[in-house]
There are 2 protein chains.
Amino acid sequence: MVLERYFENRREIINRALDRYLPPDDTYPQKIHKAMRYSIFAGGKRLRPIFMIATYEMLLNRRDKRSIQKILPVACAIEMLHTASLIHDDLPFIDNAGERRGKPSCHKKFGNAIAILTGDALITQSFETVLKLRNHKKALSCLEILLNASSTRGMIGGQVVDIISSQKRVKLHVLRDIHLKKTGALLKASEQLACVMANANEQITNALADFALNIGLAYQVIDDILDEVGADELLYKESGEDHRNEKVTYPVLLGIEESKKQALKLIHDASNIIKYMPNNDVLMEILETIRDRIP
Amino acid sequence: MVLERYFENRREIINRALDRYLPPDDTYPQKIHKAMRYSIFAGGKRLRPIFMIATYEMLLNRRDKRSIQKILPVACAIEMLHTASLIHDDLPFIDNAGERRGKPSCHKKFGNAIAILTGDALITQSFETVLKLRNHKKALSCLEILLNASSTRGMIGGQVVDIISSQKRVKLHVLRDIHLKKTGALLKASEQLACVMANANEQITNALADFALNIGLAYQVIDDILDEVGADELLYKESGEDHRNEKVTYPVLLGIEESKKQALKLIHDASNIIKYMPNNDVLMEILETIRDRIP
């Protein structure tokens, strides 16, 4: 990957900013601050903030560390919101995931009660971080975008439909809706936030929002395919995976080959949206990285 | 109570506004919207929004239904945040309360997964409701106050300390801190929000914030006493609960008589703060209502 150094560098900047914006873990009550930091620094790829920063840099046609300083509160706010949703999704009542990125998930490490409150705390910390923006009008626009993305019309709504659909033979349009809300909503928000911060016009904002939804859906379809392929290899699974296997996925509904076709089409459509935008190299590279995951 | 009609009327206005600001329960995904409405309309006394409205009316020296219209988004936001915290606190992992105001609690009615997401949804809905304010500067100030009150420095922090202190012989200053954060923080926010909306100066804002903290602490000390003496009808929950949960309370640490003295002193201090403010009759009446709960 040509831009590996770029991604690594942006990830480092985001990690340092997250460290600044989170309460120190030696402040009272230490336990929740430790739990917030544990989950934030558990090895996340920072996909959403990098996506936002890359778009911002494309729109401004500038790629230096200084120019992204002022959007860091917003970039970190997205990551906090994303992490909060993972913590709550991993709980025994919801996805019951004991591990996350090879480490014990928040509730395994700190207990269920603290995990619930850690999710809550990261939600409020996310919005507090946005308030660090000096430009009040932009702070309000960013909050509106983040609140919309995480509402019952977005991320939370997607999770709800996912829960009530489990063990049901849902149709493709419902599955598509779950993916678009659970994953697409926050990616779309990342693009909208970059546009607000870069003063992009409505046309570009709408185009990049569509671009993000295509990417989000492609990403999930590929995840479904990888899960299916992995499941075929490991036919005798450990208990607890049964629950997951009862989930309807793209390959279950369409078969693996047709799912791959759909993923490729989504990436193709996304690529068409940004094809004629200047300085689109990083976003194009992100698209390629996603395409390369298709087995 | 002289002002019974006033309270009832304000409660009605708040309930109608909550109905307007919550997503209709026939919109998709219906389940979460039904759950949000179930918990919001489960018979809450609307103490925090009424407290805010009463303070706003005191500061403006106006008491008509029209003048409070523009603060309703903020008043409802407080109630949503309060309800969200109750839903999460009632979960089996935290307080394990199957009932709330004589009805099944949210997780008993909708399941644990939906209850977690309903709390999350009410948190984001709360902040979205604040954004309905037309004055952008005030919207930001109100958000800052609500985020601070619900953060790990406030409500969430209080809940964390409560959890890690359970079944421990905590000292009085820790118990006081839990009460001040779990109950005091949002009451203090109610006063600060009223002050922002009424353009009160810093001195009055600080005085009313102290007033609220005194009230919050008094309220909790009285709750502790009522729990100890078994006054179910005044408690809005089953008495003896704290005992069964092996919770340290004011009566456990100080005895019932000394706890009563402390509650009276807190109410006395609160009354001293607002004694010379004009139009303080409703707030004084609220103080009396709280004092009358002492058995």
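This is a short tour of a predicted model with chains A and B.

**Stop one: the two chains together.** Show both chains and colour them separately. Chain A can be laid on chain B by a turn of 180° and a shift of 0.0 Å along the axis, with an RMSD of 0.1 Å. The two copies are thus related as by a two-fold rotation axis.

**Stop two: the contact.** Now select the residues where the chains meet: 39 from chain A and 39 from chain B. On chain A, α2 (30-40), α6 (112-130), α7 (136-150) and α8 (155-165) each supply at least two residues to the side that touches chain B. Pick out α6(A), which gives the most, with 12 residues. Colouring this side of chain A by residue type shows 23 nonpolar, 11 polar and five charged residues. The copies meet through the same surface, because 100% of the interface residues of chain A are also interface residues in chain B.

**Stop three: a helix inside chain B.** Select α4(B), residues 72-90. Is it enclosed or open? Of its 19 residues, 18 are buried, so α4(B) is largely enclosed by the rest of the structure.

Go to A:Tyr28 and A:Pro29, which are joined by a cis peptide bond with omega about -10°. A:Pro29 sits in the loop between α1 (4-21) and α2 of chain A. In chain B, a cis peptide bond joins B:Tyr28 and B:Pro29, with omega about -10°.

**Last stop: Gln167.** Select A:Gln167, in the loop between α8 and α9 (172-197) of chain A. Its phi is positive, near 65°, though A:Gln167 is not a glycine. A:Gln167 is exposed, with 10 other C-beta atoms within 10 Å. Over in chain B, B:Gln167 has a positive phi of about 60°.

Terms used
Residues numbered from 1 in each chain as written. Chains lettered and ligands numbered in written order. Predicted model: local features only at pLDDT ≥ 70, side-chain atom pairs only at ≥ 80, totals over all residues. Contact = placed C-beta atoms within 7 Å. Helix = DSSP H or I, 4+ residues; strand = E, 2+ residues; numbered from the N terminus. Nonpolar A, V, L, I, M, F, W, Y, C, P; charged D, E, K, R; others polar. Least-squares fit on C-alpha atoms with pLDDT ≥ 70 in both. Expected span 1.5 Å × (residues − 1). Buried ≥ 20, exposed ≤ 12 C-beta atoms within 10 Å, placed from the backbone.
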